[in-house]
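Please examine the sequence and the model together before reading on.

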Amino acid sequence: MLPSRRGRPARVPAALALLLATAAAAGALAACGDTGGLRGAGATPAARSPARLWPGLTPASSPAYDIGEVEHAVVDGVAVPGGDVRRADPVAAVRAEIAARPDDYAGAKAPYHETSVRMADCGTDGAGDGTGDGAGDAGCPVLRPYYRDLTGDGRPEMTLGFRLLPEKLTAVRVYTVEKDRLVRVMSYEDAVSAVELAGRTVIVRSPSEVAGYEYRLQWTWDADQRAMLLTSDEMLRTDDGGRHTKRPSASPSAAASPSSPSSPSSPSSRASDR
């Protein structure tokens with residue numbers, strides 16, 4: 001049946017129908033043959049192996065600087081009721097870090113002294129974000145925590161951020177639980193524009209001095225090291241039309257502290273000094 005101009009089927013003699021069917025089948029076979037044929041893609045550039053530079057250079061046997069690849073530290077004084085990280089107090093975790101790093105937080109000359117002062121604004125009545133721990137309260141530098149399984153053991157980890165003031169920096173931390181103890185397994189701080197969780201990975205985006213580009217760093221859980229390792233450090237184009245914000249560098253006094261994650265031994269100082 002062929003459609004009529006009015007949209008109704010038009011009757012066709014049987015002989016003509018057979019002829020049309022035979023022609024259609026022949027056309028289909030011809031089309032199949034054409035579709036399956038190989039076509040040239042043009043000239044292909046010759047493959048070249050990587051060129052090794054300075055083959056006589058003596059290989060390094062150890063790193064020149066400790067860049068802090070592994071962060072695995074027990075946080076003393078912070079309870080984890082029932083071994084559930086969601087019941088640990090994120091504000092208490094930040095206060096424990098401040099107490100352990102007085103050179104960075106204590107005193108008017110400390111680079112992040114304002115963070116220490118504003119910790120008094122972190123209430124315990126659950127006002128702000130509804131977590132019941134004071135994180136996210138107005139004036140409190142501790143941001144709302146997020147919980148996701150980043151280690152693959154079926155239990156969530158806590159991803160926490162807090163502002164480093166008066167510097168315009170953000171600290172990003174990841175905590176897990178081992179034997180009912182809170183353990184910090186990732187530590188990074190820089191001028192941060194976004195943080196994302198994807199699978200077993202923490203992604204931190206930071207502005208670049210180069211218009212139209214940003215830094216994207218990824219930390220992925222490593223079971224052998226029992227820590228989140230920096231597995232990717234890239235400079236990528238953005239779609240913001242070239243708008244960017246110059247990333248502030250960490251305070252020199254903070255960079256001089258051996259225990260500070262923003263010291264020359266940490267990825268953040270490498271990112272800030274690119």
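**From a loop to the core**

Gly136 lies in the loop between α4 and β4; helices (H or I, at least four residues) and strands (E, at least two) are DSSP runs, numbered from the N terminus. The model is a predicted one, in which local features need pLDDT of at least 70 and side-chain atom pairs count only at pLDDT 80 or more, while totals for chains, interfaces and linings use all residues. Residues are numbered from 1 along each chain as its sequence is written, and side-chain values use heavy atoms, with hydrogens and water left out.

Gly136 counts as partly exposed, because its relative accessibility is 35%; buried means under 20% relative accessible area, exposed over 50%, and partly exposed in between (1.4 Å probe, protein chains only). From C-alpha to C-alpha, Gly136 is 9.7 Å from Asp121, and the two are 15 residues apart in sequence.

The structure holds one disulfide, a term that denotes a pair of cysteine sulfur atoms within 2.5 Å. Cys122 is joined to Cys140, with an S to S distance of 1.9 Å. The link of Cys122 and Cys140 is right-handed, with 85 degrees about the S-S bond. Both Cys122 and Cys140 sit in the loop between α4 and β4 (146–148), 18 residues apart. Cys122 counts as buried because its relative accessibility is 4%, and Cys140 counts as buried because its value is 9%.

Over the whole protein there are six helices and eleven strands. Of its 274 residues, 35% count as buried. The protein exposes about 16,500 Å², of which carbon and sulfur atoms supply 55%; accessible areas come from the Shrake-Rupley method with a 1.4 Å probe, and for residues only the protein chains shown count as cover. Contact means heavy atoms within 4.5 Å. Among contacts between residues at least 6 apart in sequence, 45% join residues at least 24 apart.

An open sheet is formed by five strands in the order β3-β7-β6-β5-β4, with antiparallel pairing; two strands pair if DSSP finds at least two bridges between them. At the edges are β3 (73–74) and β4, each of which pairs on one side only. Strands β5 and β6 run antiparallel and are joined by seven bridges. Arg163 stands opposite Thr170 in β6.

Which residues touch the most other members of the largest nonpolar core? Among its 27 residues, they are Val94, Met119, Val142, Phe162, Leu164, Tyr175 and Leu182. Such a core is a set of buried Ala, Val, Leu, Ile, Met, Phe, Trp, Tyr and Cys residues joined through side-chain atoms within 4.5 Å. At least two residues of this core come from each of α2 (90–100), β5 (157–164) and β6 (169–178). Helix α2 gives the largest share, five residues. Leaving aside residues up to four places away in sequence, Leu164 touches Tyr105, Tyr112, Thr115, Leu169, Ala171 and Glu189. Apart from this core lies another, of 14 residues, including Val202, Tyr215, Leu217 and Trp219.

At the start of α2, a side-chain oxygen of Asp89 comes to within 3.0 Å of the backbone nitrogen of Val91.

How values were computed:
Polar contact = N/O pair within 3.5 Å; in protein donor to acceptor, adjacent residues only side chain to side chain.
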